[in-house]
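Please work through each task before reading its solution.

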Amino acid sequence: MRVIDEMGMKAKAASRSLAIAGELKNTALKAIAAALIDNTDKIIEANRIDLENGEKNGLSAALIDRLRLDEGRIRGVADGVLEVAALPDPIGTVISGSTRPNGMEIRKVRVPMGVIGIIFESRPNVTVDAAVLCLKSGNAVILRGGKEAIHSNKCLTAIMQDAIAGAGLDRYSVQLIEDTSRQSSVELMELTEYLDVLIPRGGKGLIRAVVENAKVPVIETGAGNCHVYVDESADIDMAADIIYNAKTSRPSVCNAIETILVHQNTAEKALPVIKARLDEKKVELRGCERTRAILGDSVKPAEESDWETEYGDYILAVKVVDSMDEAIAHIAKYSTGHSECIVTKDFKNARIFTASVDSAAVYVNVSTRFTDGGMFGLGAEIGISTQKLHARGPMGLNELTSMKFIIEGDGQVR
């Protein structure tokens, strides 16, 4: 028997016990949070190996930062686990109900999906986020992370499994595929006998590969080619602050912006102020001709590919547009449907923008960096869905459930 099939069998068995685990799930989550804190030194040591390997393999500074776990980040992850524990349990929630003329009572209730597979890249905090969300929503999970974080992921998974078992649940509720070869991804994508849904979380290439090759149902989480449009009525200082935050606070994450669009009537005033803020982090700008005419040769000429690139780095594309309609059209053409923002004082323009832009999250005068389960009050999230079936935007607990009908009667026959 293949390793992946054995993992699938264990996960399926664990999912049946999780479906009726009730408050034991919260007991396990609290145990995980405590175990993460108690094992901080052990986690940091495992992470150190991944960081050293990443530097040897030439990972960018942004990707190294994405990979890093320190005491503060581990505490943040543990706090996130406790936040999930404090959330209402979605399982068993009655979505709707009715009594039929023959006295038959019908209820539509939330139930776990069963076994969830998650393929993700270098961020080891995803290992914990994904596991605890699946656990809380009554699902067993098979995790497949990238080779960059394998030592961190193995350490975190072992810690969680021990905590889960200590709380009285099946330790195989959470499993990690330790083989990081392409073959293990293929096997997971084809695990139709045991896997109920597969969720890719990572860059555009990973997501496309899973969507195109998986034989199991997929919930597509999106790459983030996100935009800020600076309207002609925008408060320029506010725009500069939002752009600075949305690009530089963590440039490697999917809710960081990659392009700014500036209305021609404010460009001459706004662009120098925006550039001055971005210069604090040495952000490389790639601009259209009108942008370069205002800011000079320090801005590299933008090519067509720049408008569609998710840089994940301190690089930002800049375009001056004639109107809000042009900005909306640009976003429609190049956006990945993740997060977009308008900075404006014009109420009407704000409403037109939010109605016209077809992305999972559309902001008015707010940084796109808030597209996050925790920031939206959902607790940790499994990813940001940019598709429209089943789930869209940050995927919290409800998005990891399905539903079934429960029908009760007293002998009705048809």
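**Exercise 1.** Determine how the residues lining the largest cavity divide into nonpolar, polar and charged.

*Solution.* Step 1: the lining consists of Leu-36, Ile-43, Leu-69, Ile-74, Val-77, Pro-124, Asn-125, Val-128 and Leu-156. A cavity is a set of points on a 1 Å grid over the protein atoms alone where a 1.4 Å probe fits but cannot get out, and lining residues have an atom within 4 Å of a point.
Step 1: Ala, Val, Leu, Ile, Met, Phe, Trp, Tyr, Cys and Pro count as nonpolar, Asp, Glu, Lys and Arg as charged, and the others, Gly among them, as polar. The lining therefore divides into eight nonpolar residues, one polar and no charged.
Step 2: helix 5 (71-86) and helix 6 are the elements that give two or more residues to this lining; helices are DSSP runs of H or I with at least four residues, strands runs of E with at least two, numbered from the N terminus.

The model is predicted: local features need pLDDT of at least 70, side-chain atom pairs count only at pLDDT 80 or more, and totals for chains, interfaces and linings use all residues. Residues are numbered from 1 along each chain as its sequence is written, and side-chain values use heavy atoms, with hydrogens and water left out.

**Exercise 2.** State which residues line the second largest cavity, and classify them.

*Solution.* Step 1: Lys-204, Ala-223, Asn-225, Glu-308, Glu-310 and Thr-336 form the lining.
Step 1: one is nonpolar, two are polar and three are charged.
Step 2: the volume, the space filled by probe spheres set on grid points joined across faces, edges and corners, is about 30 Å³, and that of the largest cavity is about 50 Å³.

**Exercise 3.** Identify the partner of Asp-358 in a salt bridge, and the accessibility of both residues.

*Solution.* Step 1: the partner is Lys-388, with the closest N and O atoms 2.8 Å apart.
Step 1: Asp-358 is partly exposed at 48%, whereas Lys-388 is exposed at 57%.

Definitions and conventions:
1 Å grid on protein atoms, 1.4 Å probe; cavity = no way out; pocket = protein on both sides within 12 Å on 5 of 7 lines; lining within 4 Å. Salt bridge = Lys/Arg side-chain N within 4 Å of Asp/Glu carboxyl O. Buried < 20%, exposed > 50% of the residue type's maximum accessible area, 1.4 Å probe, protein only.
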